[in-house]
Amino acid sequence: MNKRKTREGELLNLKTTIKSAFSLVVPFILIILAYIFYTKTNTMSKPQLDIIELSPYAIFFIGAVISWKFNRSREFFILSVLALCLASITYLPGAFGKPTPIADIYSIVCLVIPINISVFSFLKERGILSLWGIIRIGVILSQVLFSYWLIQPDQLELLSLIYKGVLPVHLNSITPLSQVSIMFFLLTLLLLIFRQIKYRTSQDISFIGVLIALLYVLQHHSIPILYPIFFATSGMILITSIIQDSYSMAFSDELTGLPSRRALKQDMMKLGMNYVIAMLDIDFFKKFNDKYGHDTGDDVLKLVASTIKEVTGGGKAFRYGGEEFTILFPGKSINDVLPHLEELREKVSKKGFTLRGKGRANNSAKSRSQSSKSSKPIYITISIGVAQKSEKSKTPDSVMKSADTALYRAKKKGRNCVSK
């Protein structure tokens, strides 16, 4: 029995690890696929290459619409900057009836990309057509105007500052990027990596992927076809990030990290002929919330959820709402899951919760003093109701209602027990 539980726990951890690892490597998989695609371009016809050259703008437009729809201003503005940078490199040298040195445009783009990724990735979401969004649009337009002014023939002296060496080393044989550009790229990369280690978000990983993809194409700037391929890839990385985060927000509970009620409804539709549903409820949670405050109540929910998440027996936990949780056991009977639910109930009851001095306690000096002195752990218990598919309960909804009725019986019995 113990070996079986250990194996189930290991499989659950492995699934979670694989899922997390996959979301982290998606941007780099796209970069590798982009490189493989580039190696095939030498056999393509002119019309195919023309489509490739235009494809980034279609991807940027789709990404902008998606980011607008999901209120993802950071991706929206980075996509806008990338579209302007690619258009500048592709069309600006021959525009306005006079030649513009491509090297000057290239040097400006090498600075604009890391600076904007750094700035916009660290700014908070403030909307696109809000006051903050309009200010950010103004910042981008001001960069466009300043860059155009900078490439004028009478500004060569100012533009040459970009090429000046900061360190006493010569990197011309290694990279066409200026030392200033390399420093901005590395600084932005280090900041994004640090933030990813601290917060672990798919958004930061996508920004890192975009930065690496664009650094690669700027490093090999003498190959024109790389520009549309890797700029398009950057747009796809950002779109993927929006989809991943939107899915996570829709199907995961933000507070506990468990799958949400919407995910529960979808998984209930996939249940087969035999299954068990358990409904769980934290005992006296309302009283606890009223006494210690909602912040402490949230900490309790996180603690209980972290324990429920590790349920054995092939169960999958969900947050149903409030202090209620649900566990699905596909292909199981009540007799199969009862030992696992008893073990879970006991594990929760033995996990002490220590207050961190943020309880409400009427805000009086006396109660604050009592709260600060209280180092004794508080023990939380849960009540569990369980039901399985039967002749009486043939649908997942009816089984859930039966489990909810069993939960009510567990409460009537005195709580901290499992009832069927």
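1. A residue is called buried under 20% relative accessible area, exposed over 50%, and partly exposed in between, with a 1.4 Å probe and protein chains only. Tyr35 is partly exposed, as its relative accessible area is 39%.

2. The model is predicted: local features need pLDDT of at least 70, side-chain atom pairs count only at pLDDT 80 or more, and totals for chains, interfaces and linings use all residues. Residues are numbered from 1 along each chain as its sequence is written, and side-chain values use heavy atoms, with hydrogens and water left out.

3. The structure contains 11 aromatic pairs (rings of Phe, Tyr and the six-membered ring of Trp with centres within 6.5 Å; stacked if the planes are under 30 degrees apart, edge-to-face if over 60, tilted for the rest). The pair of Tyr35 and Tyr38 is tilted, because the ring centres are 5.9 Å apart and the planes stand at 50°. Both residues belong to helix H1 (residues 2–39), 3 residues apart, or about one turn of the helix; helices are DSSP runs of H or I with at least four residues, numbered from the N terminus.

4. Tyr35 also pairs edge-to-face with Tyr216, at 6.3 Å centre to centre and 85° between the planes. Since Tyr35 is in helix H1 and Tyr216 in helix H8 (residues 202–219), this pair ties together parts 181 residues apart in sequence. Tyr216 is partly exposed, at 26% relative accessibility.

5. Tyr35, Tyr38, Tyr216 and Phe230 are linked by ring pairs into a cluster.

6. The charged end of Arg126 sits over the ring of Trp132, 5.3 Å from its centre (NZ of Lys or CZ of Arg within 6 Å of the ring centre and within 35 degrees of the ring normal). Arg195 lies over the face of Phe122, 4.2 Å from the ring centre.

Notes: Helices (H or I, at least four residues) and strands (E, at least two) are DSSP runs, numbered from the N terminus.
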